[in-house]
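Hi there,

Here is the structure I promised to pass on. My notes on the helices follow below it.

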Amino acid sequence: MPKFSPENPSLENLKKQAKALKKEWMGGKPQAIARILAAHPRAVTPRLADCQLVLAREAGFDSWPQLKVSLEAAQRDVADEFVDLACLCYDDPHYDHRSFHARASAMLRDKPWVSEATLWSAATAGNSEAVKAFLDARPESVNSPGPHGWAPLLCACYSRAGPSTLEVAKLLLDRGADPNAYTMKGNADERLDQHRRRFTALTGLFGGGSTGLANQPPHPDWRELAELLLSRGASPDDEQALIINQDACLEILLRHGLNAALMSRALSQAARQGDIDQVRLLLAHHAPPDKKFQSKTPWEHAIRQGRSDIAQLLEEAGASTSDLDDTARFVSMCMAGDERGARQMLEHDSDLMQRAPKDMVHRAVGKGQTKAVKLVLDLGFDPNYQEDSPAITAAGALSANAELLPLLLAHGASLTLRDPWYDSTAVGWADFFNYTELRDKLLNEPGICLFDALDHDRLDRVPDILARDPAALERPFAECLSREPKPEDWQTPVERMMARGKTEAVRVLREHGAS
């Protein structure tokens, strides 16, 4: 069986070893001669080919070409793994996470040869000398698909591990890389093509996305790289960049000529998010004020979020207004934190509470406005309503505004609720998005789930959790879920900790009587 696994398994390294062995053989060194006799007893005169065969046989191969093929295949596998870990991918079930980038950086430190193993790993690692060597040998490979069909420029723009890839991107563009290189992501079923999304080299620079900036950070040289790509012909009409991080990319895309349709979409998004500065910027670039996005105009988005100041700006820019029905006006007042107006409407029509959306607390928390959150909670909207995820899992808003968590908890928000997609509580989401202060604050709250205390090594919390809820000791994880359980979910706390190798947690649970 092949057994070759050197610290630096590069072909160049092996060639150097073969030359060194030949030199030692010619010099009559006993150790070299013993190696030759053991692996290749028929060798007579010191030749490089014979020394290469000795190395191959010592590694368990029949020939030097076999060793080369095996080595190149192994290098490609490791190099592709490095690209996978180092680059943002925006795909489930990958869940872009900072731990992947840390692992890629460790690979680069422990296996430095990955930075020159393939054109794509070299581009990912920011190794411009290796990229130049590959392109000198094969100029046509500058746009060749590598792992996942990515061109080298995509690897450079999505990389988040190792040195900056700015110089690599310049080199690739100088050698003819397509500045509009892209990959398609989403559902691969052609019948569902509307769910496919176009991720360009430009998209990869800005960071942001569903897992947050801690896990999907911008490229360290994103501004300079974005200007470079746009100056070399990249299209500024990048819808996906606007979707995942409008805050970062909007000004640059506008300056380079973002089209009217995407400006309109961006205007609605800014109005819905309550970003008055972006609204001003878009209107200054003559964004159409009346185009609908998700069946509503920017003015309607602003009004429904209680942002009369943004609505007024839009009106001054020529946006049309419309009459709101009573339910929409009530929602707008709640989102604006207008307690007097909302209560007056309820006095005239008590059914408004039933007609209003059930996720009012989640909407208010998402706005991050204390007045709005307090109002909807005081009016009696359910803080634990969850269609997708409950309000208390909105880690970004809770981290940005410290007043929101006490409000939610005081009105009965549950820390044990789990979303139906990732089975995570508020503690889990705070940890995932790297809001460590919020996570630790939640872990000190009396109402946390036993599984959270165990998963985050807060074994000091176990006694008071069990005092409050003795049944938690044997309650299976399946009974904590908001989705239909799978067979593997029926683990008790001690079984789950055993499966995760948490021996200290197992010991503490056993001390409390876990079977």
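Which residues are exposed on the other side of H16? They are Ser308 and Glu316, where exposed means over 50% relative accessible area, buried under 20% and partly exposed in between (1.4 Å probe, protein chains only).

Before the rest, a word on the source: this is a predicted model, in which local features need pLDDT of at least 70 and side-chain atom pairs count only at pLDDT 80 or more, while totals for chains, interfaces and linings use all residues. Residues are numbered from 1 along each chain as its sequence is written, and side-chain values use heavy atoms, with hydrogens and water left out. Helices (H or I, at least four residues) and strands (E, at least two) are DSSP runs, numbered from the N terminus.

**H16 and its surroundings**

The buried residues of H16 are Ile310, Ala311, Leu313 and Leu314. Viewed down the axis of H16, they fall within an arc of 160 degrees, so they line one face of the helix; the arc is that of the directions from the helix axis to the C-beta atoms. These buried residues pack against H13 (260-273), H14 and H15 (298-304), contact being heavy atoms within 4.5 Å. Just after H16, Gly318 has a positive phi of about 100 degrees.

H14 (residues 276-284) packs on H16 (residues 308-316) at an angle of about 5 degrees, with the axes 10 Å apart. Axes here are lines fitted to C-alpha atoms, for helices over the stretch in contact, and angles run from 0 to 180 degrees between N-to-C directions. The two helices are therefore roughly parallel to each other (angles under 35 degrees count as roughly parallel, over 145 as roughly antiparallel, 65 to 115 as roughly perpendicular and the rest as oblique). From H14, Ile276, Val279, Arg280 and Leu283 meet Asp309, Ile310, Leu313 and Leu314 of H16. That contact divides into six nonpolar, no polar and two charged residues. For these classes, Ala, Val, Leu, Ile, Met, Phe, Trp, Tyr, Cys and Pro count as nonpolar, Asp, Glu, Lys and Arg as charged, and the others, Gly among them, as polar.

His286 has a positive phi of about 65 degrees although it is not a glycine, and at 67% relative accessibility it counts as exposed.

H18 (residues 339-348) and H21 (residues 370-379) pack at about 25 degrees, their axes 11 Å apart. That makes H18 roughly parallel to H21. In this contact, Glu339, Ala342, Arg343 and Leu346 of H18 meet Leu375, Asp378 and Leu379 of H21. By class there are four nonpolar, no polar and three charged residues.

H11 (residues 222-231) and H12 (residues 239-255) pack at about 30 degrees, with axes 11 Å apart. That makes H11 roughly parallel to H12. Here Trp222, Ala226, Glu227 and Leu230 of H11 meet Ala248, Ile252 and Arg255 of H12. The contact has five nonpolar, no polar and two charged residues.

**H25**

In H25 (residues 436-443), Leu438, Arg439, Leu442 and Leu443 are buried. They fall within an arc of 135 degrees seen down the axis of H25, so they line one face of the helix. Their packing partners are H22 (395-400), H23 (404-410), H24 (426-432) and H26 (450-455). In the loop between H24 and H25 lies Asn434, which has a positive phi of about 70 degrees although it is not a glycine. Asn434 is partly exposed, at 36% relative accessible area.

Best wishes
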